[in-house]
Amino acid sequence: MTCNRRTVLSAGLAAAFALSVPSAFAAKPLVIGFSQVGAESEWRTANTVSIKDAAKKEGITLKFADAQQKQENQVKAIRSFIAQRVDVIAFSPVVESGWDTVLREAKRANIPVILTDRAVNVSDPSLYVSFLGSDFVEEGRRAGRWLIERQKKTPDAVLNIVELQGTVGSAPALDRKKGFEEVIAGNAKLKVIRSQTGDFTRAKGKEVMEAFLKAEGKKINVLYAHNDDMAIGAIQAIEEAGLKPGKDIIVISIDGVKGAFEAMIAGKLNVTVECNPLLGPQLMQIAKDVAAGKPVPKRVVTQEGVFPAETAAKEFPNRKY
């Protein structure tokens, strides 16, 4: 009887201990430090929401920092993440260059770095483990190819193009310019007559387009904007100048946000090249694999399309950003 009571007590204590082990020694949640460029556009807002939502869904602790489009703020954020000993650092770099020093600090601390949306230009590619994002050069090419096809309707006409570039030194601005120029280079009928940064914002896009219109007036046939927000700002400037965007001036942009589809449905924008901001789920999966020591691709390209105005009304209900 005594022996049985001891056996029951021992079994009870063992069971109680077993139950307590998971709570005492449970694996800590993965901690990611993420530095975002800012909130300069509809695209960026959707990108931030996607990352925050995906982290929450996966039970990942996300330390989020808004750089407000300043590289020095991102460098400070990355150093803060290193000091906090996060498991993984991810960031969308404001510009391509100037990252070697801080990324070496992360490497010395054995904290893997993932790039999202934008690339960096570093002397040692091992300073980051993976880059998740769009092919910006191809986006520029797609914009150029669409214009080449459009030009076939008036093959004898010379089309004067003004270009609204993104943030100076940023990967999308450099690459979207490069891809577009690559495609139209052999066509003497397509000429870029003005090119200036609009810093990826509606306000700056409107301001620069106003300057283009004052300088060139009705000589402008095409606007190529590196993102939808600048294009939407420029559309306002075109209308205020008494011209019809989408008709008097062909408007081409990149991102594929809802605002662009609304502008296309209204007949004010001719085409948008998609750049998918919903990178959160993919980022969380790459971070989990990296933290677990699994191999990950050095480059992960998102799948995207091209949406001319003719498809806007049908596609609009499907847009998530």
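The structure holds 4 aromatic pairs. Here, rings of Phe, Tyr and Trp (its six-membered ring) pair if their centres lie within 6.5 Å. This is a predicted model, where local features need pLDDT of at least 70, side-chain atom pairs count only at pLDDT 80 or more, and totals for chains, interfaces and linings use all residues. Residues are numbered from 1 along each chain as its sequence is written, and side-chain values use heavy atoms, with hydrogens and water left out.

Charges also sit over rings, meaning NZ of Lys or CZ of Arg within 6 Å of the ring centre and within 35 degrees of the ring normal.

| Charged residue | Ring | Distance from ring centre |
|---|---|---|
| Lysine 298 | Tyrosine 128 | 4.2 Å |
| Arginine 319 | Phenylalanine 307 | 5.0 Å |

The whole structure has 1 cavity of 30 Å³ or more. A cavity is a set of points on a 1 Å grid where a 1.4 Å probe fits but cannot get out; lining residues have an atom within 4 Å of a point. The largest cavity holds about 90 Å³ of space. Its lining counts 13 residues, with Trp43, Arg44, Arg118, Arg176 and Asp255 nearest the centre. By class, 5 are nonpolar, 2 polar and 6 charged. Helices α2 (42-58) and α6 (171-184) each give at least two lining residues. Domain 1 (31-134 + 277-303) and domain 2 (136-275) each contribute at least three.

An unreviewed UniProt entry annotates residues 32-294 as "domain: Periplasmic binding protein". That span is 44% helix and 20% strand, and its end C-alpha atoms lie 17 Å apart.

Notes. Rings of Phe, Tyr and Trp (its six-membered ring) pair if their centres lie within 6.5 Å; planes under 30 degrees apart count as stacked, over 60 as edge-to-face and the rest as tilted. On a 1 Å grid over the protein atoms alone, a cavity is a set of points where a 1.4 Å probe fits but cannot get out, and a pocket is an open set with protein on both sides within 12 Å along at least five of seven lines; lining residues have an atom within 4 Å of a point. Grid points are joined across faces, edges and corners, and a volume is the space filled by probe spheres set on the points. Helices (H or I, at least four residues) and strands (E, at least two) are DSSP runs, numbered from the N terminus. Ala, Val, Leu, Ile, Met, Phe, Trp, Tyr, Cys and Pro count as nonpolar, Asp, Glu, Lys and Arg as charged, and the others, Gly among them, as polar. Domain bounds come from an automatic or database domain assignment. UniProt positions are given in the numbering used here, feature names are shortened, and annotations may be inferred rather than shown by experiment.
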